[in-house]
Amino acid sequence: MSETPAPPVRIRPEVAATPAYRQGQTPTKPGFKLSSNENPFPPLPAVLDAIARRSAETNRYAAAGMPELRAELAGRFGVGPERVHLAAGSVAILYQLVQAVAGPGEEYVFAWPSFEAYPGLGLASGATPVPIPLTGDARHDLDAMADAIGDRTRAVLVCSPNNPTGPAVRREEFDRFMARVPADVLVVLDEAYREFVTDPDAVRGEDVLGAHPNLVVLRTFSKAYGLAALRIGYGVGDPSILSAAASVGIPLSVTGIAESAALVSLEPEARAANDERIARLAARRDALADELRGLGLAVPDAQGNFVWVPEGPADRGGVASAAGLAAAFAEAGTLVRPFAGHGVRISVGEPESVDEVVRVVRGHLARV
Ligand SMILES: Cc1ncc(COP(=O)(O)O)c(C=O)c1O
């Protein structure tokens with residue numbers, strides 16, 4: 001067995017012990033890539049034009065603070081532009097916020113399984129992750145999360161809809177939860193998939209932000225807007241919290257090309273085209289979830305652009321092994337994301353991918 005060679009310099013032991021974030025793989029066979037919750041639609045022509053135009057200025061840094069884009073986003077939340085913070089993906093803001101509020105010996109709480117980056121967010125600052133298991137129906141256990149808040153807690157992350165399991169947090173349970181969170185503990189409502197939500201009872205950042213100065217809402221252009229490779233996301237909240245996040249962020253990391261693509265995506269024509277795509281993806285998600293439930297699987301409420309197949313006993317709607325199902329997909333040339341001991345996340349992809357997913361799952365269930 002080959003061993004990893006020792007590094008030539010001293011690495012902090014807690015860093016050496018932590019695996020790096022693992023991205024969804026790229027297929028090696030012709031097939032579907034359903035492992036990274038990407039948008040299967042190609043960029044809109046207006047976005048490609050904006051990228052081409054802005055490419056002619058790559059010798060220049062983008063304008064400081066990107067005021068036009070921040071004003072546009074702020075308007076959508078009904079707040080001032082000082083309440084909007086941009087970064088190279090919303091994942092960058094997650095790191096910034098946890099680093100800004102939680103240091104050695106301090107804790108941040110989140111549901112688990114959830115976004116795979118969460119456990120590593122406190123690494124640089126020395127903060128301790130506190131994962132709280134989801135409920136039996138794959139939802140946040142907000143009561144247990146509130147119970148876990150103690151003197152050392154500096155932040156709580158709420159992921160709605162939850163990646164990888166799918167359900168959204170309901171407004172009424174969010175309100176009850178916020179009433180239990182001390183006012184000096186940061187709450188991050190991570191709404192990376194908010195645009196795909198069709199549950200009318202789901203919480204929505206715009207509706208709750210005003211009531212809670214300790215709340216920051218995160219959104220991204222990676223998913224519903226299909227700009228994943230350009231890396232641009234944003235946070236909305238109290239300017240002093242966002243300014244602390246910016247202080248630990250890497251300067252100048254949002255590119256002018258990403259700024260231009262985001263701005264053009266918010267123009268009325270592009271928004272209408274995107275809204276139509278989002279509605280099609282949500283309908284495709286619902287159809288896929290229904291088909292999988294028809295095979296006897298306990299697919300939880302799916303509110304993002306992905307569905308979840310739990311690992312567990314067959315008579316409770318589970319598959320025997322997440323790794324086994326993912327291997328069956330890989331064999332067929334399609335990539336999905338297994339979470340060992342928990343389940344398999346399948347992104348909603350091209351229209352033809354739905355039949356292929358159902359075909360592979362049906363074949364797998366017949367064999368095991
Ligand atoms: C829940 C959640 N939050 C944040 C992100 C980060 O997205 P980005 O950094 O591309 O904005 C992701 C990406 O998959 C996610 O699933």
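**Close-up 1. Trp 112 pairs with Pro 133, its bridge partner in β3.** This is a predicted model, in which local features need pLDDT of at least 70 and side-chain atom pairs count only at pLDDT 80 or more, while totals for chains, interfaces and linings use all residues. Residues are numbered from 1 along each chain as its sequence is written, and side-chain values use heavy atoms, with hydrogens and water left out. Strand β2 (residues 107-112) runs parallel to β3, and six bridges link the two. Strands here are DSSP runs (E, at least two residues) and helices are runs of H or I with at least four residues, both numbered from the N terminus. Two strands are taken as paired if DSSP finds at least two bridges between them.

**Close-up 2. A cis peptide bond joins Trp 112 to Pro 113.** Omega for this bond is about 5°, and Pro 113 sits in the loop between β2 and β3. You can find another cis peptide bond between Asn 163 and Pro 164, with omega of about 20°. Pro 164 belongs to the loop between β4 and α6. For context, most peptide bonds are trans.

**Close-up 3. Seven strands build an open, mixed sheet.** Follow the strands across in the order β1-β7-β6-β5-β4-β2-β3. β1 (84-87) and β3 (128-133) stand at the edges with a single partner strand each, so one side of each has no neighbour in the sheet. From one strand to the next, the twist averages 25°; angles run from 0 to 180 degrees between N-to-C directions, with axes fitted as lines to C-alpha atoms, for helices over the stretch in contact.

**Close-up 4. The ligand is surrounded by 13 residues.** The closest are Ser 90, Asp 190, Tyr 193, Thr 220 and Ser 222; a residue is counted as near if one of its heavy atoms lies within 4 Å of the molecule. The shell divides into five nonpolar, five polar and three charged residues. In this grouping, Ala, Val, Leu, Ile, Met, Phe, Trp, Tyr, Cys and Pro are nonpolar, Asp, Glu, Lys and Arg are charged, and the others, Gly among them, are polar.

**Close-up 5. Thr 220, Lys 223 and Arg 231 each bring a polar side-chain atom to a ligand oxygen.** An N or O atom in the side chain of Thr 220 is 2.5 Å from an oxygen atom of the ligand. For Lys 223 the distance is 3.0 Å, and for Arg 231 it is 2.7 Å. The protein buries 93% of the 390 Å² that the ligand exposes when taken alone. Polar contacts are pairs of N or O atoms within 3.5 Å, and accessible areas come from the Shrake-Rupley method with a 1.4 Å probe.

**Close-up 6. Three antiparallel strands form an open sheet in the order β8-β10-β9.** β8 (306-310) and β9 (337-339) are the edge strands, each with a single partner, so one side of each is left without a neighbour in the sheet. Twist averages 20° from one strand to the next. Three bridges join β9 to the antiparallel strand β10 (residues 343-347), where Val 344 is the bridge partner of Pro 338.

How values were computed
Polar contact = N/O pair within 3.5 Å; in protein donor to acceptor, adjacent residues only side chain to side chain.
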